[in-house]
Amino acid sequence: MNEMNRREFVLATVGGLGLVGTPQLITAFRQTSDRLAPPPQGMHVRHDVYCLNPTGREIRSYMKAVQVMRSRPATDPTSWAAQAAIHGTTAPIAGMITNRCQHGTRFFLSWHRMFLYYFERIVRTACGDPAFALPYWGYTPTGHRALPIPFRIPPSPANPLYGAGRNAAVNAGHPLFPSIVDAGAALAQLSFDSFFSLTLEGTPHGAVHVAVGGWMGLIPTAAQDPIFWLHHANIDRLWDVWIASDSGRADPTDTPWLTTSYEFYDETGARVSLTGADVLDAARQLRYRYAPDDCGQGVARGFDKLALRRLTKLLMDPRMLAAEDSLGRRPPLATPPPPAEAQGPVSLGSAPVEARVEVSTEIRRLLASFPTEATAGRRLAVSLENIRVEGQASVFYELYVDLPPGVKDTVYTSPHYLGNLDFFGEPPLQRRFNLVPTFLRLRQLKAWSDETLRLTFVPRPFTEGEDPAKLLGTRTQAVVGRVSLRIE
Ligand code: C2O
């Protein structure tokens, strides 16, 4: 198991069974592996692109398909343009399936799974390689994080996988900033709706989109970049990893989620549709699975292993786990108190900024017995609304809660870390963060402040080793219209 896998599984098993210690973690890993039984006939195996030969069969097949599909007219449903337009386009062709992507909704994961499934079938036909399976972009904070080689070398339009509009540092092979690619916070969520899907959609999903930039940075063009599909294969894989981590993690079972139907095109260009119920078990229903590849990734330079160990220990405290685990099964508050809000909008530039939220007496009263008393509610969230991005994003922000006075900077493995603010989507954006894990950690460390929630936005570059001040200068990157603390 490489470092990231270990962290994924550490974080993914901290969810409520109180699993502590190595044997349990190994069991958790084995359970995941066993679930991935050897492929029966007709099963397609999606591999980590970092483990593939950059000039091997899979990559060559994909290159060929991109070329073939790009040569088809946009009116052909199996063309590159038509496939990308299903996701988003500013020039929809009348009568065709366009602009259907699901973001910020609970259909985010299921819709993109369906989208990839038919795309992969179209690719198979286009390149004439019936064994083709979409590789996944297996970035990890402690290992490979650079744009995979075939997508940037050679850096020429003759390379169908190259995208000239991407951030220059990304195309130059600089590793993405570690917190952009860390799925740990998402995998640690226990409930699909609050907040696994949303957390994963933010990081790594949205953060990687914006970090790659170019087509990838905007919904209407994202699927034109060949790396889009590998990025989404990884997001799809992480959904599998989350489910396999158990501790009560489960997909939605309500009728709307299971039966809402979405349209796509198959490899013959025919209109087809799928529902949530059709894609719950990818291996059984869609005949593909993910290889738990490990290409001997090293630990990144400067990665704070000690901090990670400390955080892991905190996350695995059995009392905390038991408390958090009970939340998902509770009803929300019948009459939640009004949210506590920061005064006015928050302008984000190239220096860390702190927003202060005065916590109302009512919320404080509820928090005093949260989460042990069911009457204290089940959701505790930080909500950012009406986010406006100025120009193209050149940095993102890490969010920290109640940093000790004087501390302006830290690393995301700190117990104060809440999540990342990415800028993927149509403005005005809004983001919600599950505050429960951070709140429990800080309270246990006696670092939670009752009266005021201080939220620090720390600017970070998309790729390691760059300086936000140089990237952004004195410009404002974004304005967050409303910052609030909610208990529900
Ligand atoms: Cu629908 Cu990653 O975008």
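In strand β12, Phe-457 is the bridge partner of Leu-399. Strand β9 (residues 396–401) and strand β12 (residues 452–460) are joined by six bridges and run antiparallel. Keep in mind that this is a predicted model.

Now widen the view to the sheet. Four strands make it up, in the order β7-β12-β9-β10. The sheet is open, and its pairing is antiparallel. At the edges lie β7 (353–358) and β10 (417–421), each pairing on one side only. From one strand to the next, the twist averages 25°.

The largest nonpolar core has 123 residues. Phe-457 is among those with the most contacts inside this core, along with Tyr-62, Trp-137 and Leu-384. Helix α5 gives the largest share of the core, 13 residues. Another core, of five residues, lies apart from it; Tyr-400, Leu-403, Tyr-412 and Tyr-417 are among its members. As a general rule, nonpolar side chains in soluble globular proteins tend to be buried together.

Strand β8 (380–389) is the next stop. Seven of its ten residues are buried, so β8 is largely enclosed by the rest of the structure. It pairs with two strands. Nine bridges join β8 to β13, and the two run antiparallel. Within that pairing, Glu-385 has Arg-482 of β13 as its bridge partner. Five bridges link β8 to strand β11 (residues 429–434), again in the antiparallel sense. Here Ile-387 stands opposite Leu-429 of β11.

In helix α14 (residues 361–368), the buried residues are Ile-363, Leu-366 and Leu-367. They cover an arc of only 100° around the axis, which puts them on the same side of α14. The face turned away from that side carries the exposed residues Thr-361, Arg-365 and Ala-368. What do the buried residues of α14 pack against? Their partners are β5 (340–341), β8, α15 (436–444) and β13 (478–487).

Helix α3 (residues 57–70) tells a similar story. Its 14 residues reach 20 Å from first C-alpha to last, close to the 20 Å expected at 1.5 Å a residue. Buried in α3 are Glu-58, Ile-59, Ser-61, Tyr-62, Ala-65, Val-66 and Met-69. They lie on the same side of α3, because they cover an arc of only 160° around the axis. The spacing follows a general rule: an α-helix has 3.6 residues a turn, so residues three or four places apart point the same way. The buried residues of α3 pack against α4 (80–87), α5 (108–127) and α9 (227–244).

Finally, step back to the whole chain. It holds 16 helices and 13 strands. Of its 488 residues, 58% count as buried. Among contacts between residues at least 6 apart in sequence, 76% join residues at least 24 apart.

How values were computed. Residues are numbered from 1 along each chain as its sequence is written. This is a predicted model: local features need pLDDT of at least 70, side-chain atom pairs count only at pLDDT 80 or more; totals for chains, interfaces and linings use all residues. Side-chain values use heavy atoms; hydrogens and water are left out. The expected span of a helix is 1.5 Å times one less than its number of residues. Buried means under 20% relative accessible area, exposed over 50%, partly exposed in between (1.4 Å probe, protein chains only). The arc is that of the directions from the helix axis to the C-beta atoms. Contact means heavy atoms within 4.5 Å. Two strands pair if DSSP finds at least two bridges between them. Axes are lines fitted to C-alpha atoms, for helices over the stretch in contact, and angles run from 0 to 180 degrees between N-to-C directions. A nonpolar core is a set of buried Ala, Val, Leu, Ile, Met, Phe, Trp, Tyr and Cys residues joined through side-chain atoms within 4.5 Å.
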